[in-house]
Amino acid sequence: DTPVSQLLRLSGLIDRLNSVVGRAVTWLVLVMTLISSGNAVIRYAFNYSSNAWLEIQWYLFAAVFLLCSGYTLLHNEHIRIDVIAGRFSRRTQTWIEVIGGIFFLLPMACLILWLSWPIFVNSLVSGEMSSDAGGLIRWPAKMLIPLGFALLALQGLSETIKRIGFLMGVSPDPATAHGAHHGGEHG
């Protein structure tokens, strides 16, 4: 059992985690739609509105956006324009992705995780509430930031491991594993 095979197993666990989270969280889009529709009907039919209903929509949108970032990376569906990299061989593209993951994605995700954690904890401890009348507690929304960036950092680590495995010849090309976009396509 080599260190690379152990890392590839870890990568598989991270992939499964983000798959489970991503598939579960996508259902929040339906919940958001129902809440938004219900809120609009109640507002226009009964001339009644609640800041809490508006804020829960924002919280759910934040949950989908942040908690699905790792899932989106797993499926290589982040927006990219490979004008230059698309002209390179798949191996060179993979090297660019490894360098980008190590020097840009992972440090950025870890920095945001690190910076957002005390903001979440402060909000939780203080019992911070919305400044709007009838608004919601703030800590659940603030918790989504470190949680989302933790999932993104984990998936960034997983993608880097898989690409290094591919470059070493011990695993398949991860860019083709999920029907991913590469080679000059726009995703």
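The legends below accompany several views of one predicted model, beginning with the whole chain and moving on to selected residues.

Residues are numbered from 1 along each chain as its sequence is written. Because this is a predicted model, local features need pLDDT of at least 70 and side-chain atom pairs count only at pLDDT 80 or more, while totals for chains, interfaces and linings use all residues, and side-chain values use heavy atoms, with hydrogens and water left out.

**View 1**
Helices (H or I, at least four residues) and strands (E, at least two) are DSSP runs, numbered from the N terminus, and read along the sequence they give the pattern α-α-α-α-α-α. The C-alpha trace spans about 65 × 35 × 30 Å along its principal axes. Of the 187 residues in the chain, 36% are buried, where buried means under 20% relative accessible area, exposed means over 50%, and partly exposed lies in between (1.4 Å probe, protein chains only). Contact means heavy atoms within 4.5 Å, and among the contacts with a separation of 6 or more, 74% join residues 24 or more positions apart.

**View 2. Helix α3 and its cover.**
Helix α3 (residues 51–67) has 17 residues and reaches 24 Å from its first C-alpha to its last, close to the 24 Å expected at 1.5 Å a residue; the expected span is 1.5 Å times one less than the number of residues. The buried residues of α3 are Ala 52, Glu 55, Gln 57, Tyr 59, Leu 60, Ala 63, Val 64, Leu 66 and Leu 67. What covers them includes α1 (3–25), α2 (27–46), α4 (69–74) and α6.

**View 3. Ala 52 in helix α3.**
Ala 52 counts as buried because its relative accessibility is 19%. Leaving aside its neighbours within four places in sequence, Ala 52 is in contact with Gly 134 and Leu 136. Ala 52 and Gly 134 are 82 residues apart in sequence, and their C-alpha atoms are 5.8 Å apart in space.

**View 4. Ile 56 in helix α3.**
Ile 56 has a relative accessible area of 26% and is therefore partly exposed. When its neighbours within four places in sequence are left aside, Ile 56 is in contact with Ile 35 and Leu 136. The C-alpha atoms of Ile 56 and Leu 73, which are 17 residues apart along the chain, are separated by 26 Å.

**View 5. An aromatic cluster formed by Trp 117, Phe 120 and Trp 139.**
The structure holds three aromatic pairs, a pair being rings of Phe, Tyr and Trp (its six-membered ring) whose centres lie within 6.5 Å, with planes under 30 degrees apart counted as stacked, over 60 as edge-to-face and the rest as tilted. Phe 120 and Trp 139 form a tilted pair, 6.3 Å centre to centre and with 55° between the planes. This pair links distant parts of the chain, since Phe 120 lies in helix α5 (residues 90–126) and Trp 139 in helix α6 (residues 139–168), 19 residues apart. Phe 120 counts as buried because its relative accessibility is 7%, whereas Trp 139, at 26% relative accessibility, counts as partly exposed.
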